[in-house]
Amino acid sequence: MGLSYTYIESPIGTLLLAGDSDGLQQILFSTDGRPARPDPAWQEDASALAEVARQPKAYCAGELENLDLSLSPQGTPFQQRVWSELQKIPYGKTISYGELARRIGNPKASRAVGLANGSNPISIVIPCHRVIGSNGKLTGYGGGLPIKEKLLALEKRQLRLL
């Protein structure tokens, strides 16, 4: 069976959420102000994804720190290991790509970790925005650096998105 999808409005743009009975598989950001387009095989079904939609909205409102959803991201075993470790970074905290590489037991894999981080299909929920450069600067984010900056400011209680 194909994925179900729905759109939610957020202060960082319209987000497309897609998943199935195993869990959330993707969050896609708007591009150039236009909502992401679903795969033609997917079925729009807001009711099937009601809880999946509620939690990111509560997060953006500053009402929820830890999103507790069934997740089913599709990726290689290495990507899965990186994404699993990302979920252990506490709300409001950041680490470097090098630190993330150390945490997965491969301290020389900073670049590979960066690529896996950039391939994260469930941004926000799997908090890849919490990974920054070793110099403390913001680096790459699928939704763009302004969104990464907003998410980090929200988590430091410097900004409410709703």
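**Entry 1: aromatic rings**

I began at Tyr 5, which is buried at 10% relative accessible area. My scale: buried is under 20% relative accessible area, exposed is over 50%, and partly exposed lies in between, with a 1.4 Å probe and protein chains only. The model is a predicted one: I took local features at pLDDT of at least 70 and side-chain atom pairs only at pLDDT 80 or more, while totals for chains, interfaces and linings use all residues. Residues are numbered from 1 along each chain as its sequence is written, and side-chain values use heavy atoms, without hydrogens and water.

I searched the whole structure for ring pairs and got four aromatic pairs. The rule covers rings of Phe, Tyr and Trp (its six-membered ring) with centres within 6.5 Å; planes under 30 degrees apart are stacked, over 60 edge-to-face, the rest tilted. Tyr 5 and Tyr 7 are edge-to-face, because their planes stand at 85°, with the centres 5.9 Å apart. Tyr 7 is partly exposed at 28%.

Tyr 5 also pairs with Trp 42; this pair is tilted, at 6.4 Å centre to centre and 50° between the planes. Tyr 5 sits in strand 1 (residues 4-10) and Trp 42 in the loop between strand 3 and strand 4 (43-44), so the pair ties together parts 37 residues apart in sequence. Trp 42 is buried at 13%. I noted Tyr 5, Tyr 7 and Trp 42 as a cluster linked by ring pairs.

**Entry 2: a hairpin**

I looked at strand 2 (residues 13-20) and strand 3 (residues 23-28). They pair antiparallel over five bridges; pairing requires at least two DSSP bridges. The two strands make a hairpin with two residues between them. Asp 20 has Gly 23 of strand 3 as its bridge partner.

**Entry 3: cysteines**

How many disulfides does the count come to? I got zero, with a disulfide taken as two cysteine sulfur atoms within 2.5 Å. The sulfur of Cys 60 has its closest cysteine sulfur in Cys 128, 14 Å away, too far for a bond. Cys 60 is buried at 2%. Cys 128 is buried at 4%.

**Entry 4: helix 5**

I checked helix 5 (residues 145-155) for burial. Its buried residues include Ile 147, Leu 151 and Leu 154, and also Lys 148 and Glu 155. What do the buried residues of helix 5 pack against? I found helix 1 (50-60), helix 3 (97-103) and strand 6 (131-132), with contact meaning heavy atoms within 4.5 Å. Just after the helix, Arg 157 takes a positive phi of about 60°.

Definitions and conventions:
Helices (H or I, at least four residues) and strands (E, at least two) are DSSP runs, numbered from the N terminus.
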